[in-house]
Amino acid sequence: MSGASAFFILIPATYVLFTLALVAIAFADKRLISARWAALGFAVACASILVDGFRDPAGDKWSAWFAVVTHFAPLLIMVQAFLSRHRRSVPKFSVALFLIASIVALPDMPWAPPYWLRGIIVQAVCAAIIISGMPQLWHVRRRSALDKVVFAVIAGAALSYIGRMIAIALNPVGDTAADVVAFYEGLNIIFHSASALMGMSVGIVLVLTIGFDLVRFREKEGEIDALTGLGNRKKMNRWTAESESGGRAIGAVIVVDLDHFKRINDSFGHDGGDVVLKAVAKTLQRHFAKYGTVCRIGGEEFVALIEERHADAVSALSLAARMAIADLSFSGSLARVEITASLGFHRLERGESVADAVRHADQALYCAKTDGRNRVVNAVIENGMQLMKAVA
């Protein structure tokens, strides 16, 4: 379209404000990777709408090429911004689709499709880029109410592009420059308006989610044990609450307690004990990080919460942890120190609370201690009775 209306000034200005705000947030906390992606997305979208809003549809082909490429790019970047909140990335398919479509849809090229088909292709590619990220967003939607809002907004954006694709199919762009100008003065103004409103909705939701993440990061700083870097009891309680509210499902609990740890503190002082605790914590983190989380809940006591999808491996994980602790070696004054641990674990029954599972695992640990230490014991429920079964 030619000329500029207040609409095509207000929207880029809003995008600039979103960009500046997100850049400031990204600098304030470098952990907020989503803020960086979102700032980049709004910057590209702002450039795109300015160029597309002021260019002559029948004029400079370079601005037309830029408009096509930067129409796809912000969508890909915004999907990445939402996914990066959960340490996920857009599928490689999306990136490949973006690159191929950016070339295929370029106007005035030997392979360029007719105007009506290019319009359909552009809208279809935009919808496909958004939809490619939806399975992952669907998977994490239960982590918070805000994640459900994110999924709803992304789904709405995808439906918007599908609707445009249908509209172009029913009202195709002609093949002449005059037809293109007419289209830009009619239906495409509605498309630009919808894009602007969608962009503002996405921007508001992004700012809200990034603000939520910032608060969450601050809260998590209070969930770290200062000595070992593992989670503390507060983190264990949060995971427990999330599991029981339908979020991340915990399927098994392992309780670990170091044997005769008081002797180390008595012989080598608390500095020596701290060295041992750090080494054990590092070992437990290495063994359990892929399967759940491990927290230090007492002096030498640790609890590993194993996610449901890995719960069937709880016995093997417990044995591996026991052996890994027994294999630890130290240097200096601790060179002759040998460390062992007793472990108790419990696989959650259907409908059982995590708190009850911790209690059963703790009782199994007590059994391992009284049975000679350096043992692994499984607490199982059979016919309503709790039984202790030595594993090793």
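In this predicted model, Ile129 touches Phe72, Leu75, Leu76, Val79, Ser94, Leu97 and Phe98, leaving out residues up to four places away in sequence. Ile129 also belongs, with Phe72, Phe82 and Leu206, to the residues that have the most contacts inside the largest nonpolar core, a set of 55 residues. Two or more residues of this core come from each of the helices H1 (7-28), H2 (33-54), H3 (61-84), H4 (92-104), H5 (115-139), H6 (145-170) and H8 (187-221). H3 gives the largest share, twelve residues. Another core lies apart from this one; its 31 residues include Leu230, Val280, Phe302 and Ile325.

Some nonpolar residues are instead found on the surface. Ile100, Ile103, Val104 and Trp111 make up a nonpolar patch there, and together they have about 380 Å² of accessible area. Trp111 sits in the loop between H4 and H5, and it counts as partly exposed because its relative accessibility is 45%.

Attention now turns to the charged residues. Across the whole structure, 15 salt bridges are found. In one of these, the side chains of Asp147 and Arg85 meet at 2.9 Å, N to O. Asp147 belongs to helix H6 and Arg85 to the loop between H3 and H4, so this pair ties together parts 62 residues apart in sequence. Both partners are buried, Asp147 with a relative accessible area of 4% and Arg85 at 8% relative accessibility.

A second example joins the side chains of Arg347 and Asp312 (3.1 Å, N to O). Here Arg347 lies in strand S4 (residues 341-347) and Asp312 in the loop between strand S3 (301-307) and helix H11 (314-326), so the parts tied together are 35 residues apart in sequence. Arg347 is partly exposed at 25% relative accessibility, whereas Asp312 is exposed at 70%.

Beyond its neighbours within four places in sequence, Asp259 is in contact with Thr340, Ala341, Ser342, Lys369, Arg373 and Asn374. Its side chain forms a polar contact of 2.8 Å with the side chain of Thr340, and a polar atom of the Asp259 side chain lies 3.3 Å from the backbone nitrogen of Ala341.

Notes:
Residues are numbered from 1 along each chain as its sequence is written. This is a predicted model: local features need pLDDT of at least 70, side-chain atom pairs count only at pLDDT 80 or more; totals for chains, interfaces and linings use all residues. Side-chain values use heavy atoms; hydrogens and water are left out. A nonpolar core is a set of buried Ala, Val, Leu, Ile, Met, Phe, Trp, Tyr and Cys residues joined through side-chain atoms within 4.5 Å. Buried means under 20% relative accessible area, exposed over 50%, partly exposed in between (1.4 Å probe, protein chains only). Helices (H or I, at least four residues) and strands (E, at least two) are DSSP runs, numbered from the N terminus. Contact means heavy atoms within 4.5 Å. A polar contact is a pair of N or O atoms within 3.5 Å; within protein, one must be able to donate a hydrogen and the other to accept it, and residues adjacent in sequence count only if both atoms are side-chain atoms. Patches are made of residues with over 30% relative accessible area and no salt bridge: like charges are joined within 9 Å, nonpolar side chains (Val, Leu, Ile, Met, Phe, Trp, Tyr) within 5 Å. Accessible areas come from the Shrake-Rupley method with a 1.4 Å probe; for residues, only the protein chains shown count as cover. A salt bridge is a side-chain nitrogen of Lys or Arg within 4 Å of a carboxyl oxygen of Asp or Glu.
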